[in-house]
Amino acid sequence: MSMPLWAALPPVSVTAPAKVNLFLHITGRRADGYHELESLFVFTKGGDRVTVAAAPEFTFTLEGPFASALEALGGAGEGNLVSKAVMLLASHAGLEPNVAVTLEKNLPVAAGIGGGSSDAAAALLALNQFWKLKLPMSVLEGIALQLGADVPACLHQVPLLVRGIGEELKPVSLGWQAGIVLVNPMEPLSTPAVFKAYHVAAAAFDAPLQNAEALCANVHDLAASSRNALEGAARSICPAVADVLDEFMCQDGVTLARMSGSGATCFALFETAEEAEVAARKIGESRRNWWVMADYLGAGGG
Ligand SMILES: C[C@](O)(CO)[C@H](O)COP(=O)(O)OP(=O)(O)OC[C@H]1O[C@@H](n2ccc(N)nc2=O)[C@H](O)[C@@H]1O
Ligand SMILES: Nc1ncnc2c1ncn2[C@@H]1O[C@H](COP(=O)(O)OP(=O)(O)OP(=O)(O)O)[C@@H](O)[C@H]1O
């Protein structure tokens with residue numbers, strides 16, 4: 001008996017890194033309610049993992065330390081961004097979505113580090129390769145934007161200046177390297193709720209930066225002249241954000257500590273990977289219920 005054609009395709013795995021907003025300015029609000037951003041996105045090396053493999057029909061399997069958290073937040077079924085990405089790409093390509101997808105969920109959920117967005121982007125990248133579609137990035141970006149504002153940026157996995165609601169992407173060179181520690185106090189924060197709190201507080205919009213590229217190229221300038229505009233709104237819903245930032249301030253070698261995205265995950269940058277690892281160990285030992293991850297931004301560092 002001959003093997004069906006699909007069964008001959010080898011599985012493809014793509015890492016879905018954490019997205020970190022080194023700064024996040026809000027420059028306006030569109031008529032449809034979405035906020036216009038100016039933000040520097042960077043991506044860690046570690047993260048979730050999406051694997052697609054040959055199968056007679058679509059299946060979706062969740063594994064990893066945050067699989068149950070995703071199930072509890074109702075993101076494990078048809079609403080999962082990975083499943084949605086598979087369906088959208090299959091329909092775009094005119095194919096049956098017959099693949100076995102496995103999502104290894106290592107990143108906390110509803111955490112401001114784009115977990116679901118990065119998973120969806122990784123699924124698009126994996127399937128583009130698996131089905132040998134050779135779709136250019138511009139086409140994948142269009143499909144990605146239908147899945148969420150952050151998804152197009154997450155396709156790139158390199159530092160980007162992001163504007164609009166997430167569709168204007170400009171790769172930037174950081175020109176510096178840093179150890180990074182991500183900490184989440186294990187309290188999920190809903191992105192719409194944080195934007196709503198921001199809106200209700202009627203904060204003034206940030207002026208567009210005149211020197212955004214130059215700012216990205218110097219970590220000290222970045223720390224001094226940018227912010228996360230959603231931090232106040234996130235703190236008002238989730239006071240633990242302030243506890244995480246206080247904890248970072250007790251560590252040696254911090255060049256910048258701030259919240260990412262709509263929170264509650266915060267990050268700290270360190271001169272070296274070693275300092276980041278020491279801080280991550282110390283925080284992990286004193287706050288056993290928090291999620292802590294050490295990583296590296298820039299070339300080397302693994
Ligand atoms: C805040 C960021 O995390 C920064 O990276 C993102 O812009 C959020 O991107 P995301 O999670 O992909 O957001 P979406 O799933 O598209 O939007 C969730 C909700 O957040 C609000 N939202 C999101 C993005 C944006 N630019 N303006 C908004 O007002 C809207 O109420 C929207 O209904
Ligand atoms: N693969 C997925 N991983 C995580 N959440 C998902 C996924 N698919 C759907 N969701 C839903 O999306 C919601 C937001 O989760 P996610 O982890 O993407 O938030 P986030 O990190 O705050 O995103 P962002 O930084 O883009 O605002 C969750 O409540 C969850 O139910």
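Which residues in helix α10 (residues 240-249) are buried? Bear in mind, while selecting them, that the model on screen is predicted.

Start by selecting residues 240-249, the helix α10, where Val241, Val244, Glu247 and Phe248 are buried. If you turn the view until you look down the axis of α10, these buried residues fall within an arc of 125°, so they line one face of the helix. Now move to the other side of α10, where you will find Asp246 and Met249, both of them exposed.

Next, select residues 211-285, which an unreviewed UniProt entry lists as "domain: GHMP kinase C-terminal". Over this stretch the chain is 56% helix and 15% strand, while the C-alpha atoms at its ends are 40 Å apart.

Finally, centre the view on ligand 1, which is surrounded by 19 residues, the closest being His35, Gly148, Ala149, Asp150 and Gly261. The elements that give two or more residues to this shell are β1 (12-29), β2 (35-54) and α6 (191-200), and each of them can be coloured separately. Colouring by class instead, you will find seven nonpolar, 11 polar and one charged residues in the shell around ligand 1. If you colour by domain, the shell is seen to draw at least three residues from each of domain 1 (8-171) and domain 2 (178-297).

Notes. Residues numbered from 1 in each chain as written. Chains lettered and ligands numbered in written order. Predicted model: local features only at pLDDT ≥ 70, side-chain atom pairs only at ≥ 80, totals over all residues. Near = placed C-beta within 6 Å. Helix = DSSP H or I, 4+ residues; strand = E, 2+ residues; numbered from the N terminus. Nonpolar A, V, L, I, M, F, W, Y, C, P; charged D, E, K, R; others polar. Domains from an automatic or database assignment. Buried ≥ 20, exposed ≤ 12 C-beta atoms within 10 Å, placed from the backbone. Arc of directions from axis to C-beta. UniProt positions renumbered as here; feature names shortened; annotations may be inferred.
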